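Please look over the sequence and the three-dimensional structure before reading on. The report is written for someone meeting this protein chain for the first time.

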Amino acid sequence: MSSKQIRVGLLAYGAIGDEHNYAVDASDGLFVAAVCDTNPERINAALEIAPDANTFEDADEMLASGEIDLVIVSTPPNSHYSWAKKALALGIHVVLEKPMALTTEQCDELMQLAAASQLLLVVYQNRRFDLDFLTIKDLIDKGEIGEVFSYESFVGGYSRPCDFWHSNAEVSGGAIFDWGSHFIDQILAILPGQVDFVTGLNQKRVWDHITNADHAQVMINFKDGVQASFVNSDLAAARKPKFYVLGTKGAIIGDWDESGEGAVADLPAIISVY
Ligand SMILES: NC(=O)c1ccc[n+]([C@@H]2O[C@H](COP(=O)([O-])OP(=O)(O)OC[C@H]3O[C@@H](n4cnc5c(N)ncnc54)[C@H](O)[C@@H]3O)[C@@H](O)[C@H]2O)c1
């Protein structure tokens, strides 16, 4: 008998599709049994890596087919909630792309459904494993900068945002839901305190062709007085460092690797310790 037993369905095969396809292929116990996308070209792309997968253009049909045990939902964000809810109702485990959903009520409901039916519900938080973040976490855990009292992260630059769904707040959830899903998750993974309160501000000043904010900031205040912030900006003519962490004995700076102009956000930061 093959060691690959859990039948995975890939629900949507856009830009992130290959990453999930390769990850499933590389994981013992999992195999891609089915792939669904409304765009046949994307299905063909999936078949290049998983040629034996069954194919669907209708996600309801794939979920009801009885052919999958686990679904990886990679549709645009505003449909994450409904696809996850349908899958859980059918007894299918769910890996959900970020952002998990667009409201806390939707997230709470999904978690309750998963718990009640003893199904897996996991958000794909791949940037918890980024090398720059892991390096910063290791330095902090080893006490290199003492007690962290201020943690800032930043993504952005000064450029016209794309016209794609990423920039449409109704679909994306808003500017903070994209990179913010990763960077706020990192804050919660690295700072041990209990969150006291959270504030945020969207600014809309220049890019009128889209509905996402141009500049968005979230501040997280912890009960022990520690502060964290994340800024996502399309109006930052001068970039802040990707990471700026202050501790009682030193500081860690994660500078942008500008050699990756264009895709700079995907490159690991250059880490310095002071
Ligand atoms: N974790 C990460 O690093 C990471 C990176 C990129 C994208 N994402 C997330 O993945 C999700 C998808 O992003 P993307 O960049 O791949 O988007 P994309 O626009 O490239 O692809 C979306 C795909 O969904 C398909 N689709 C839409 N509705 C569908 C439906 N009802 N049934 C079947 N297929 C449908 C489209 O045809 C398209 O192929 C988003 O939530 C995004 O935030 C995560």
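## Basis of the report

The structure is a predicted model, in which local features need pLDDT of at least 70 and side-chain atom pairs count only at pLDDT 80 or more, while totals for chains, interfaces and linings use all residues. Residues are numbered from 1 along each chain as its sequence is written, and side-chain values use heavy atoms, with hydrogens and water left out.

## The chain as a whole

The chain contains eight helices and 13 strands, where helices (H or I, at least four residues) and strands (E, at least two) are DSSP runs numbered from the N terminus. Along the principal axes, its C-alpha atoms fill a box of roughly 55 × 45 × 35 Å. The radius of gyration of the chain is 20 Å, which agrees with the value near 19 Å that a compact globule of 274 residues would have; this radius is taken over C-alpha atoms, and the globule rule is 2.2 Å times the number of residues to the power 0.38.

Of the 274 residues, 46% count as buried, a term that means under 20% relative accessible area, with exposed meaning over 50% and partly exposed lying in between (1.4 Å probe, protein chains only). Among contacts (heavy atoms within 4.5 Å) between residues at least 6 apart in sequence, 62% join residues at least 24 apart.

## Two annotated spans

An unreviewed UniProt entry places the feature "domain: Gfo/Idh/MocA-like oxidoreductase N-terminal" at residues 6-123, a span that is 41% helix and 23% strand and whose end C-alpha atoms are 18 Å apart. The UniProt record, also unreviewed, places "domain: GFO/IDH/MocA-like oxidoreductase" at residues 133-252, where the composition is 21% helix and 33% strand and the end C-alpha atoms lie 11 Å apart. UniProt annotations may be inferred rather than shown by experiment.

## Nonpolar cores

A nonpolar core is a set of buried Ala, Val, Leu, Ile, Met, Phe, Trp, Tyr and Cys residues joined through side-chain atoms within 4.5 Å. The largest one has 32 residues, of which Ile140, Tyr151, Ile187, Leu191 and Val245 touch the most other members. Two or more of its residues come from each of α6 (131-141), β7 (148-156), α8 (179-190), β9 (215-222), β10 (227-233) and β11 (243-247). Apart from this core lies another, of 27 residues, including Ala34, Val73, Ala84 and Leu119.

Beyond its neighbours within four places in sequence, Ile187 is in contact with Tyr151, Ser153, Ile220, Phe222, Ala228, Ser229 and Phe230. Ser153 is found in strand β7 and counts as buried because its relative accessibility is 0%.

## Two loop residues

Histidine 166 is found in the loop between β7 and α7 (169-172) and, at 31% relative accessibility, counts as partly exposed. Leaving aside neighbours within four places in sequence, histidine 166 is in contact with Ser172, Asp178 and Asn212.

Threonine 211 is placed in the loop between β8 (195-203) and β9, and touches Ser167, Asn168, Ala169 and Lys204, not counting residues up to four places away in sequence. A polar atom of the threonine 211 side chain lies 2.8 Å from the backbone nitrogen of alanine 169. Threonine 211 and tryptophan 165, although 46 residues apart in sequence, are 9.9 Å apart in space, C-alpha to C-alpha.

Technical notes. A polar contact is a pair of N or O atoms within 3.5 Å; within protein, one must be able to donate a hydrogen and the other to accept it, and residues adjacent in sequence count only if both atoms are side-chain atoms.
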